Amino acid sequence: MTDALPDLARRDLLVTGATLVDVFTQTTYPGWFTVADGRFVEVEAGSPTPSDLAGLTVAARRDLGGAFVQPGMLDVHMHVESSLVTPRRFAEAALPHGTTTILQDPHEVANVQGAEGVRRMIRAARGLPQRVYAAISSCVPATSPDIETPNAALGAEDVTALAAEPEVMALGEVMDFQGLVHGDTKLRAIVAAARRAGLGVEGHVPSLTGVELSRYVAHGIRSDHTLATPAKLREELRKGLWVMLQEKSLTPDVVAAVVALPDRSRVLLITDDVVPNRLVDGHLSRVVALAIEAGWPALDAVASATLRPATYLGLADLGAVAPGARADFLVTDALCAYPPREVHVDGRLVAEAGRVVVAVPAPAVDWGPATALASGNVAAEALGFGGPERHHGRHHVTARVIEVNQVNSFTTLRERQVELVDGVPTDPDLALACVIPRARLAAEGEGYRPTVCLVAGTGLEAGGYASSFAHDSHNVFLFGRDRALMKAALERVAEVGGGMAFTTGRDTALLPLPIAGLLSDAPVPEVAARFDALEGALRDAGMSVKTPVLLLTLLPLSVSPDYKVTDLGVVDVQARRVLSPEVIGR
């Protein structure tokens with residue numbers, strides 16, 4: 001890439017017979033364009049005349065025969081790690097779907113490896129054919145140590161140092177919204193350091209409204225990407241936020257509210273998280289298509305995935321097919337017909353017919369030491385509910401039970417009378433769940449007894465699950481109906497240095513994630529196949545929720561409403577307090 005002015009006489013590419021998608025006026029028109037040194041030069045309606053090309057030396061000419069040309073898409077709020085692969089594998093998979101630029105927040109690796117993890121993710125994205133910018137993860141740990149045991153921490157001094165990396169553009173989502181509003185000194189210092197460094201500050205506002213939302217935004221927060229409603233959308237726009245809509249927010253009522261706005265210039269489409277089996281079939285392109293299906297005008301939806309996110313990031317030379325802009329563009333057979341026929345970055349063809357056609361290098365990144373996990377210090381007997389006295393025989397207890405729903409990660413809490421046999425609930429609706437800090441699994445022989453919680457509503461009938469990918473601290477999460485099988489799943493994860501495993505005793509589905517216990521460097525289709533096998537095994541064992549693996553990665557997320565599981569017990573997210581899983585004295 002170059003910032004030099006275009007050569008007066010040389011053009012690398014002349015494209016004619018195009019139907020150009022103009023995201024400024026939201027129109028399409030037949031036209032032609034040229035590219036020199038990675039940038040558009042002439043962008044014109046109709047066909048070039050001899051006088052238009054007089055004196056120009058053109059290296060290559062293309063006639064698209066009426067095919068559409070739209071800007072490359074920018075995903076400005078996303079986490080590469082949610083796809084469970086390294087940046088180069090992500091680029092291989094996302095580029096063919098038309099995502100030419102991303103702003104990654106390496107929040108997951110940061111929560112395991114701290115500032116060095118952020119640097120590793122930045123280095124791992126250098127030299128790729130996809131344009132990759134970075135945000136510094138703001139909430140590491142996501143909450144305070146009195147809610148869960150963290151694996152890493154980032155402070156204001158880390159933000160200042162990381163801001164010097166050339167790819168860094170923002171401070172990642174400030175998820176501890178209650179902490180910022182109520183004066184958490186560490187978090188205020190982190191935000192202040194980001195603003196001194198000239199970084200944008202991204203938000204995460206699932207529930208604030210009224211004066212508390214105003215106080216949160218007043219710290220310089222620029223955006224929100226959490227689950228939207230029409231009323232929330234309007235209030236956040238009114239208070240100056242950029243509203244980012246991901247797939248789960250594209251409900252008919254939200255899209256209708258967007259369409260009714262007189263000005264949609266601060267409404268963006270983003271992915272946030274895309275699991276590997278869905279990355280095979282689409283990326284930001286899927287979000288655009290779903291928005292259109294829900295009633296969003298097509299050209300306006302394209303603008304919310306191209307021009308508007310570029311404007312949000314201050315990248316005036318991206319997001320449009322216009323003179324002087326970087327020549328990132330897609331060729332499609334019809335308007336918004338995805339996947340694109342071709343994907344170009346800086347005027348170079350990088351993907352065609354759903355496949356990357358250029359080399360995607362493997363940057364020389366030292367990912368650090370192998371993840372040290374052991375299973376021998378946690379006995380199967382210790383995975384029962386309640387104290388050791390509950391782990392043998394029949395008992396009746398009053399328990400705080402986390403209840404899930406079938407469609408998303410929102411949870412409620414209810415006190416229930418529960419019968420236990422050898423520490424396992426007899427009610428088939430209840431499953432055991434616990435979090436084990438990574439540090440407790442770093443060596444054998446400690447005899448660690450985790451705090452076990454109960455979860456209702458998943459439908460799981462049998463088996464045991466373990467994962468070292470467990471938002472956001474990424475300690476090891478265990479879940480199941482059988483203590484011995486939960487232990488067996490833990491053993492499989494420990495053997496491969498991190499990953500996800502589910503076992504029924506007869507069969508085991510395993511997804512190794514050896515890089516920080518979070519990522520694989522295998523190609524996305526291979527990771528997706530293992531992910532599908534894992535999800536299929538959970539469904540076969542009775543799990544009825546919409547996305548079983550995603551739910552299990554989010555049950556330990558202590559900033560996600562309203563009740564979650566950590567190593568310390570049941571977390572009341574809104575009140576920021578830990579509750580004992582068993583109600584003693586009743």
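Reply: D37 sits in the loop between β3 and β4 (39–45). The model is a predicted one, and every value below is computed from it. D37 is not a glycine, yet its phi is positive, at about 50 degrees. With a relative accessibility of 27%, D37 counts as partly exposed.

Strand β3 (residues 27–36) also holds F33. Its relative accessibility is 0%, so F33 counts as buried. The ring of F33 pairs with that of F329: the centres are 5.2 Å apart and the planes meet at 75 degrees, which makes the pair edge-to-face, since planes over 60 degrees apart are classed that way. F329 lies in strand β16 (residues 329–332), so the pair ties together parts that are 296 residues apart in sequence. F329 is buried too, at 1% relative accessibility. F33 and F329 belong to one aromatic cluster together with F40.

The count of aromatic pairs comes to five. Another of these pairs is F477 with F479, which is stacked, with 6.2 Å from centre to centre and 25 degrees between the planes. F477 has a relative accessible area of 1% and is buried; F479, at 0%, is buried as well.

The peptide bond joining H471 and D472 is cis, with omega at about -10 degrees. A cis peptide bond also joins V140 and P141, with omega at about 0 degrees. P141 is in the loop between β10 (131–136) and α4 (156–162).

Positive phi occurs at A516 as well, a residue other than glycine, with a value near 60 degrees. A516 lies in the loop between β28 (508–512) and α15 (524–540). Its relative accessible area is 7%, so A516 is buried, whereas D37 is partly exposed.

Another loop residue is S409, found between β20 (394–404) and β21 (411–421). At 18% relative accessible area, S409 is buried, because the cut-off for that class is under 20%. Leaving out residues up to four places away in sequence, S409 touches L551, L554, S560, P561 and K564.

The cysteines form no bonded pair: the count of disulfides is zero. The sulfur of C434 has its closest cysteine sulfur in C453, 8.0 Å away, which is too far for a bond, because a disulfide needs the two sulfur atoms within 2.5 Å. C453 is likewise in no disulfide, with the sulfur of C434 as its nearest cysteine sulfur. C434 is buried at 0% relative accessible area, and C453 is buried at 0%.

Last, a helix pair. Helix α8 (residues 230–238) packs against helix α9 (residues 252–259) at an angle of about 35 degrees, and their axes are 8 Å apart. From α8, the residues P230, L233 and R234 meet D253, V254, A257 and V258 of α9. Sorted by class, this contact has five nonpolar, no polar and two charged residues.

Definitions and conventions:
Residues are numbered from 1 along each chain as its sequence is written. This is a predicted model: local features need pLDDT of at least 70, side-chain atom pairs count only at pLDDT 80 or more; totals for chains, interfaces and linings use all residues. Side-chain values use heavy atoms; hydrogens and water are left out. Helices (H or I, at least four residues) and strands (E, at least two) are DSSP runs, numbered from the N terminus. Buried means under 20% relative accessible area, exposed over 50%, partly exposed in between (1.4 Å probe, protein chains only). Contact means heavy atoms within 4.5 Å. Rings of Phe, Tyr and Trp (its six-membered ring) pair if their centres lie within 6.5 Å; planes under 30 degrees apart count as stacked, over 60 as edge-to-face and the rest as tilted. Axes are lines fitted to C-alpha atoms, for helices over the stretch in contact, and angles run from 0 to 180 degrees between N-to-C directions. Ala, Val, Leu, Ile, Met, Phe, Trp, Tyr, Cys and Pro count as nonpolar, Asp, Glu, Lys and Arg as charged, and the others, Gly among them, as polar.
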